[in-house]
Amino acid sequence: MLFEVWAPRAGSVGLRLRGEPRAMERDPGRDGWWTAEAEASDGDRYGFVLDEGDGEGDGDGRADGGVRVLPDPRSRRQPDGPDGESAVVDHTRFEWRSERPGHRLQDAVLYELHIGTYTPQGTFDAAAARLGHLAELGVTHVSLMPVCPFPGTHGWGYDGVSLWAVHEPYGGPEGLKRFVDTAHGLGLAVLLDVVHNHLGPSGNHLPAFGPYFTDTHHTPWGAAVNLDAPGSDEVRAYLLGSALAWLRDYRLDGLRLDAVHALADGRALTYLEELSAATDALAAELGHPLPLIAESDRNDPRDTTPRPRGGIGLHAQWNDDFHHALHTALTGESQGYYADFARAPLAALARTMTGVFFHDGTYSAFRGRTHGRPVDIARTPAHRFVGYAQTHDQIGNRARGDRLAAALSPGLLACAAALVLTGPFTPMLFMGEEWGARTPWQFFTDHTDPELADAVRDGRRREFAAHGWTADEVPDPQDPATRDRSCLDWDEAAREPHARLHAWYRELIALRRSLPDLTDPDLASVRTAHDEQGCWLAYRRGDLRIAVNLGGKPAGIPLGGGRAGAGRVVAAWEPVESPGGDGLLHLPPESCVVLAGS
């Protein structure tokens, strides 16, 4: 087996395999690379020993006879956590039973899932046992939150390290493969959230090996991942190799890219373009779509514009503006970044449903500047944008991690579902949303470094103190009870009013599959009407008309003239009659309807 590592600053590098030292040689064909050949089998522990001038590592590594043994930057497994030795993984040992389902993004319904809280057990196997629920629901893609190793047992995953490895408490590499194989057997594709804009503050040993980070740019997490400074070719290759390994070795069906706006990259050919090209090439090789879905704060349609047209070439991006408009319309909240949307929330919602971004070159009071760029709706398909009412961020970054169900009636939750699942964008749900879960999803950590744990706890409390929350009101991230409260209560789904809402989600998803108008990619054909005072919004998608009444009183919604009874009721939250001869739809309070025909 070939062991290799990039360590350009080292005077010498040694391999420690099964506790025995072995020499490594410089690779004459690759600057900064060291290699060694040795027999090794799946599970064998190993690491690297760098000489005295080994760079700027943070953390002590694993001591072995006084020698500092560091994990492999490209480690496929960290059985003892980020600071332990690496372990060999033989990917050929796993026997795959199921083929990739090959779902198109245009037909997708995404479902964001956190392995550690989807079940109380918090493992791949426990989550896999619940995948039948998602197949019955009708979603097409499970979007996993990050699964790279991080300190401790429980966490969100965004402080991960070892970007080629799988968090051991979840089940490690074999557990992830079993999960993906089970999902594929049920017709579910699996996406994975990857974090390339920073690594966690604990267990990150990359600086000991080379210039993986640069002070040329600064980010909220400190020094930036090195995408454009000296040595950045190898850093890019490290990240690209990790991304492609998830898609190839674990048969994942696409990636969600965390906060791409935080990738500091001044090169003419950006890292994201390289990743897009490499992923498209692998998709062509495999004969299956492999979408890259970005989280971006830029409101820049160039992120998802194809490369031949001068764009970056990602396949979709989350649309927070749609979420913010929907959230303010449902809740009336106006703090922080909701302020711009709360002035006229239904107008904001209509604007996003027809033009994608609310801020498309307009002034953002929250940012104190103009923000965004218009989307060319005549050339950009709607499925390039992901629409949602709830996500891990929008729930978990609230002080108490409260979901919409904690404050809204079942009727308003049903309206949110209708707007997401019959709207123009690729819909996404957050786990438990489909039955109106009332369990919170709070910010939790399991840092093993006491100083870091205190810093995170105090920082969280300071952040929310500025918004009027007392320290006692903000859950302690390090308290195991915070994670436990965030686990789904599966018994809740069978009780009312949850069961009724769950049935509504199934009905809407089934409609999305059976009615082509609901997956029509033509943004220019979407037509909307709204009344802020009447609290209603209606929109047209092909032959379908959807109306929602978010108010506490019945609404008369003019849908246009026609004969009495025109507009067949396809689905409705509350009993409702077709519009009369005057084209007026009478919609009960806090309810919604899907109509077909005119």
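Buried means under 20% relative accessible area, exposed over 50%, and partly exposed in between, with a 1.4 Å probe and protein chains only. By that cut-off, the buried residues of helix H9 are Pro345, Leu346, Ala348, Leu349, Ala350, Thr352, Met353 and Gly355. This is a predicted model, in which local features need pLDDT of at least 70, side-chain atom pairs count only at pLDDT 80 or more, and totals for chains, interfaces and linings use all residues. Residues are numbered from 1 along each chain as its sequence is written, and side-chain values use heavy atoms, leaving out hydrogens and water.

**Overall fold**
- The protein has 14 helices and 28 strands; helices (H or I, at least four residues) and strands (E, at least two) are DSSP runs, numbered from the N terminus.
- The C-alpha trace spans about 85 × 55 × 50 Å along its principal axes.
- Among contacts (heavy atoms within 4.5 Å) between residues at least 6 apart in sequence, 70% join residues at least 24 apart.

**Burial and charge**
- Of the 598 residues in the protein, 57% are buried.
- There are 57 positive and 84 negative side chains, with Lys and Arg counted as positive, Asp and Glu as negative, and His and the chain ends not counted.

**Helix H9**
- Helix H9 covers residues 345-355; eight of its 11 residues are buried, so the helix is largely enclosed by the rest of the structure.
- Its buried residues are covered by elements including helix H7 (320-331), helix H8 (339-342), helix H11 (410-421), strand E22 (527-531) and strand E23 (536-541).
- Valine 356 follows H9 and has a positive phi, near 80°.

Conventions. The place of a charge is taken as NZ of Lys, CZ of Arg, CG of Asp or CD of Glu.
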